[in-house]
Amino acid sequence: CDCGAEKHILGMCLSRGETQSCGCLHKEVIANINKTHGMTRTPIYGLWHGMIQRCYDRNHPRFNDYGGRGINVCERWKNFEYFYADMGDKPHNKSLERLDVNGNYSPDNVVWADMKAQANNRRTNVILEHNGKKQTMQQWCDELGLKIGTVWARLNRGWSVDRALTQEVRHVFG
């Protein structure tokens, strides 16, 4: 056989074309029939599979945060090949992020985002409005050079958002 294996075959089977290999050709044809995309063991497939499970598998530990809240996957993305065509390979240090945390997984609501962007897009974030602009507390702290613990403490003492974000930090030296 072309693959290097040896097998006894009747000459008439070879001349009629009934046998074309030692059996390896049949295995190859069956493998190609059963092969869909060849990416089952890749990181991007794992992300896609996790997305599907979170939205539809009631036994998944995170189902209540996704499918249990009514978050679905658009029809197109229920097929891995279409999801991959839209999103491509997973960039280094990024993962799927829904822009609207209450919205579905779809091309118009999903981007690749780093951990910091994802942390600022959680349902549990505290959103503060200051000077007509709304941001998470962490985004305000980053923008204004404040420590989040300082802002938390100020708000817990009953300070207004404006005062908590603009009051100069006093340094006590002993």
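Reader: Which residues line the second largest pocket?
Author: This is a predicted model, in which local features need pLDDT of at least 70 and side-chain atom pairs count only at pLDDT 80 or more, while totals for chains, interfaces and linings use all residues. Residues are numbered from 1 along each chain as its sequence is written, and side-chain values use heavy atoms, with hydrogens and water left out. On a 1 Å grid over the protein atoms alone, a cavity is a set of points where a 1.4 Å probe fits but cannot get out, while a pocket is an open set with protein on both sides within 12 Å along at least five of seven lines, and lining residues have an atom within 4 Å of a point. For the second largest pocket, the lining consists of Gly149, Thr150, Ala153, Arg154, Arg157, Trp159, Gln167, Glu168, Val169 and Arg170.

Reader: How many charged residues are in that lining of the second largest pocket?
Author: Asp, Glu, Lys and Arg count as charged; Ala, Val, Leu, Ile, Met, Phe, Trp, Tyr, Cys and Pro as nonpolar; and the others, Gly among them, as polar. The second largest pocket holds about 150 Å³ of space, a volume being the space filled by probe spheres set on grid points joined across faces, edges and corners. Its lining has three nonpolar and three polar residues, and the charged ones number four.

Reader: What about the largest pocket: which element gives the most to its lining?
Author: The largest pocket has about 510 Å³ of space. Of its 18 lining residues, the closest to its centre are Arg62, Tyr66, Glu97, Arg98 and Gln118. Two or more lining residues come from each of α3 (43–56), β1 (95–98) and α5, where helices (H or I, at least four residues) and strands (E, at least two) are DSSP runs numbered from the N terminus. With four residues, the top contributor is β1.

Reader: Arg62 sits there too, so which residue does Arg62 form a salt bridge with?
Author: A salt bridge places a side-chain nitrogen of Lys or Arg within 4 Å of a carboxyl oxygen of Asp or Glu, and this rule gives five salt bridges. Arg62 is partly exposed at 40% relative accessible area (buried is under 20%, exposed over 50%, partly exposed in between, with a 1.4 Å probe and protein chains only). With the closest N and O atoms 3.1 Å apart, the partner of Arg62 is Asp65.

Reader: How many residues apart in sequence are the parts tied together by Lys116 and Asp142?
Author: Lys116 and Asp142 form a salt bridge, with their closest N and O atoms 3.1 Å apart. Lys116 lies in helix α5 (residues 115–119) and Asp142 in helix α6 (residues 137–144), so the pair ties together parts whose separation in sequence is 26 residues.

Reader: Glu75 pairs with Lys78; is Glu75 buried or exposed?
Author: The closest N and O atoms of Lys78 and Glu75 are 2.8 Å apart. Lys78 is partly exposed at 36% relative accessibility. Glu75, at 61%, counts as exposed.
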